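Thanks for making time this morning. Please have the sequence and the model open side by side, and I will walk through a few places in turn.

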Amino acid sequence: WCKQHPENQVVFVKRNLTIHNKSFAHEKFQYGIDTLMAEHYSNNLSDEVTKGMKEKAERGQYPGRAKLGYLNHKEFINNVDVRAIVIDPVRFPLIEKCFRYYATGNFSLWTLAQKIYEEGLTTSSGKKLSTSTMAELLKEEFYISHFNWGGKKYRNGIHPKAVSRELFDLVQIQLGVKGKGKFKRHAFTYKGLIRCGECGYAVTGTIQKQYIYYGCNHYKPCFQKRYIREEDITEQVSEML
């Protein structure tokens, strides 16, 4: 209410109380008491919820929304609401594939997001993972049953692991989180001499099963997926020379 509109008023039906700019002192006092009681109830409820979530985290149960690859499951046992994090049967197996693919060192974040999208991994809204989301996924300790809650790290998560600790650490090395990985330097014959016909970026060599293959490095979005053996390139170069 305000002085310009003295007819404005607030009516509390259950309390049989009407507050306006001409209310008596005891009515305003009662209104103040009710306001403080409501605020106390709200604050106390917030404290109880926070306390319950902390106790849940101490038991190894993640109190928040499940990460990609998991689902929040709700059921009632003996009329008690029991919430748990369970495996998403569609996305969970693909999470480990993300880690295994990236650990090989043959994928950028962009090419990994593209490949895993083709294999069926999407966001909860059905979209392809962005490179930033993929980077966050590969750094997420939730997949080795660790999680952060309330500024504290918990290592006793009871939800199923998606990857082993060894694979997770290997991926962190590839990401540069735990230092630089040890990469072998190979003197590829055509290093720096060939470019992709679609995106124009360098074609790089890689060794697979004792053979040398060349393919686009996909630093720029490109849909070239074919690889060619070094012997085939040499044959074509020999014909031109």
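Let me start with S145, which in this predicted model is buried, because its relative accessible area is 6% and the cut-off for buried is under 20%. S145 sits in the loop that runs between α4 and β5, the latter covering residues 147-149. Once we set aside its neighbours within four places in sequence, S145 is in contact with Y154, R155, N156, G157, H159, P160 and K161. As a reminder, most residues other than glycine have a negative phi.

Before going further, a word on how the model scores. The average pLDDT for the protein is 83, and 88% of the residues score at least 70. Confidence is highest in α4, at 94, and lowest in strand β4, residues 80-87, where the mean is 75. Where pLDDT is low, the predicted coordinates should not be read in detail.

Now the overall make-up. The protein has six helices and nine strands, and 29% of its 241 residues count as buried. If we take contacts between residues at least 6 apart in sequence, 41% of them join residues that are at least 24 apart.

Which residues have the most contacts inside the largest nonpolar core? That core has 31 residues, and the ones in question are Y70, F99, M134, L137, L138, Y143 and V163. Two or more residues come to this core from each of α2 (92-103), α3 (109-118), α4 (131-139) and α5 (165-175), and α2 gives the most, with eight residues. To see one member up close, please find L138, which touches C98, F99, Y102, L109, L112, F168, V171, Q172 and L175, not counting residues up to four places away in sequence. Apart from this core lies another one, of nine residues, including C199, V203, Y214 and I233.

Staying with the helices, how do α2 and α4 pack against each other? Their axes are 10 Å apart and the angle between them is about 95 degrees; angles of 65 to 115 degrees count as roughly perpendicular, and α2 and α4 are therefore roughly perpendicular to each other. At this contact, I95, C98, F99 and Y102 on the α2 side meet M134, L137 and L138 on the α4 side. By type, the residues of the contact of α2 with α4 divide into seven nonpolar, no polar and no charged.

I would like to finish with two other positions, taken from strand β1 and helix α6. V10 is in strand β1, which covers residues 10-12, and V10 is partly exposed, with a relative accessible area of 34%. Although V10 and H20 are ten residues apart in sequence, their C-alpha atoms are 6.5 Å apart in space. D232, for its part, belongs to helix α6, residues 230-240, and is likewise partly exposed, at a relative accessible area of 36%. Between the C-alpha atoms of D232 and Y213, which are 19 residues apart along the chain, the separation is 9.5 Å.

That is where I will stop, and I am happy to go back to any of these places on the screen.

Definitions and conventions: Residues numbered from 1 in each chain as written. Predicted model: local features only at pLDDT ≥ 70, side-chain atom pairs only at ≥ 80, totals over all residues. Heavy atoms only, no water. Core = buried A, V, L, I, M, F, W, Y, C linked by side-chain atoms within 4.5 Å. Buried < 20%, exposed > 50% of the residue type's maximum accessible area, 1.4 Å probe, protein only. Helix = DSSP H or I, 4+ residues; strand = E, 2+ residues; numbered from the N terminus. Contact = heavy atoms within 4.5 Å. pLDDT = per-residue confidence, 0-100. Axes fitted to C-alpha atoms, helices over the stretch in contact; angles between N-to-C directions. Parallel < 35°, antiparallel > 145°, perpendicular 65-115°, else oblique. Nonpolar A, V, L, I, M, F, W, Y, C, P; charged D, E, K, R; others polar.
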